[in-house]
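I opened my notebook to look around a protein model, one stop at a time. Come along and check each entry against the picture.

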Amino acid sequence: MMIVLSGAIGAGKSSLATILSEHLGTEAFYEQVDNNPVLPLFYKDPKKYAFLLQIYFLNKRFDSIKKAMVQDNNVLDRSIYEDSLFFHMNADMGRATPQEVKVYDELLDNMMQELPYAAAKKAPDLLVHLDISYDTMIHRIEKRGRSYEQPEQDPTLPEYYHQLLSRYDGWYDDYDYSPKMKIDGDKYDFVENPEDRQKVLDLIDEQLRKRGTLD
Ligand SMILES: Nc1ncnc2c1ncn2[C@@H]1O[C@H](COP(=O)(O)OP(=O)(O)OP(=O)(O)O)[C@@H](O)[C@H]1O
Ligand SMILES: Nc1nc(=O)c2ncn([C@H]3C[C@H](O)[C@@H](CO)O3)c2[nH]1
């Protein structure tokens, strides 16, 4: 089965997906971002595009999961469960109707039942959660520089990011689909610092060995 990464915007999922898949000799599957035509529209007019964006992500995520599950220890850079976190938060902010939420939840449920791995195991092998503070999140968003995510583009974004981080805390605590582990994304600079990178890889290897999915 596969390893799934989770974490807020800019937590380092894509970066770690590359590092971890190279380390394990497997393949990384990335979220559709730079070639996602709906994402900039969503940031411009969330109320109009929240539902469409969600369907877009659900479709792409499902596709990635189907491709990733053919080989053990492939790495997915975000879980399908977090899409639902995003959508429910946006719905609670009035950006989707109760009807849209119902359609989405039922579609997600239906699609999950179609996944062979969902039927057999209902989960990835391991969830690796990247935990970051608000300050780190903003710093990373600025460092990466996607224009529509920059707080100065939209005065409501800081509140959106705060809410997202606080929902992630509860989400991780409640997550029980698979074994899970948390990495302190403020502490470990696995992008620039080779020692930190090795420490993070060791922590993940340890968990994989415990689960019997790494020799
Ligand atoms: N642990 C880290 N230490 C230092 N820089 C990092 C770390 N993790 C990520 N970065 C940097 O932060 C930025 C965002 O990282 P990345 O794109 O991997 O995050 P992400 O979680 O995939 O984000 P998103 O959910 O928005 O796609 C990049 O510029 C990356 O180089
Ligand atoms: N609304 C919404 N729902 C999702 O399921 C979702 N998944 C990711 N994103 C946004 C966050 C980053 O800007 C960017 C890259 O993660 O895409 C989402 N936005």
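The model I am reading is a predicted one.

Next I asked myself: is Met-112 buried, exposed or partly exposed? I counted 16 C-beta neighbours inside 10 Å, so Met-112 is partly exposed, because being buried takes 20 or more.

I then looked up a pair. Met-112 and Phe-62 are 50 residues apart in sequence, yet their C-alpha atoms are 8.5 Å apart in space.

On to Asp-77. The unreviewed UniProt entry annotates Asp-77 as "active site". I traced Asp-77 to the loop between β3 (74-76) and α4 (80-92). Asp-77 has 23 C-beta neighbours inside 10 Å, so this residue counts as buried.

Which residues does Asp-77 touch, leaving out those up to four places away in sequence? I noted Leu-5, Lys-13, Ser-14, Ala-17, Ala-28, Phe-29, Tyr-30 and Glu-31.

Then I went looking for nonpolar cores. The largest one has 29 residues, and Ile-3, Leu-5, Leu-20, Val-75, Leu-76 and Val-128 have the most contacts inside it. At least two residues of this core come from each of β1 (2-6), α1 (13-24), β2 (28-29), α3 (46-68), β3, β4 (126-131) and α9 (194-210).

My last entry is a second, separate core of nine residues, with Phe-42, Ala-50, Leu-53 and Ala-96 among them.

Technical notes: Residues numbered from 1 in each chain as written. Chains lettered and ligands numbered in written order. Predicted model: local features only at pLDDT ≥ 70, side-chain atom pairs only at ≥ 80, totals over all residues. UniProt positions renumbered as here; feature names shortened; annotations may be inferred. Helix = DSSP H or I, 4+ residues; strand = E, 2+ residues; numbered from the N terminus. Buried ≥ 20, exposed ≤ 12 C-beta atoms within 10 Å, placed from the backbone. Contact = placed C-beta atoms within 7 Å. Core = buried A, V, L, I, M, F, W, Y, C linked by C-beta atoms within 7 Å.
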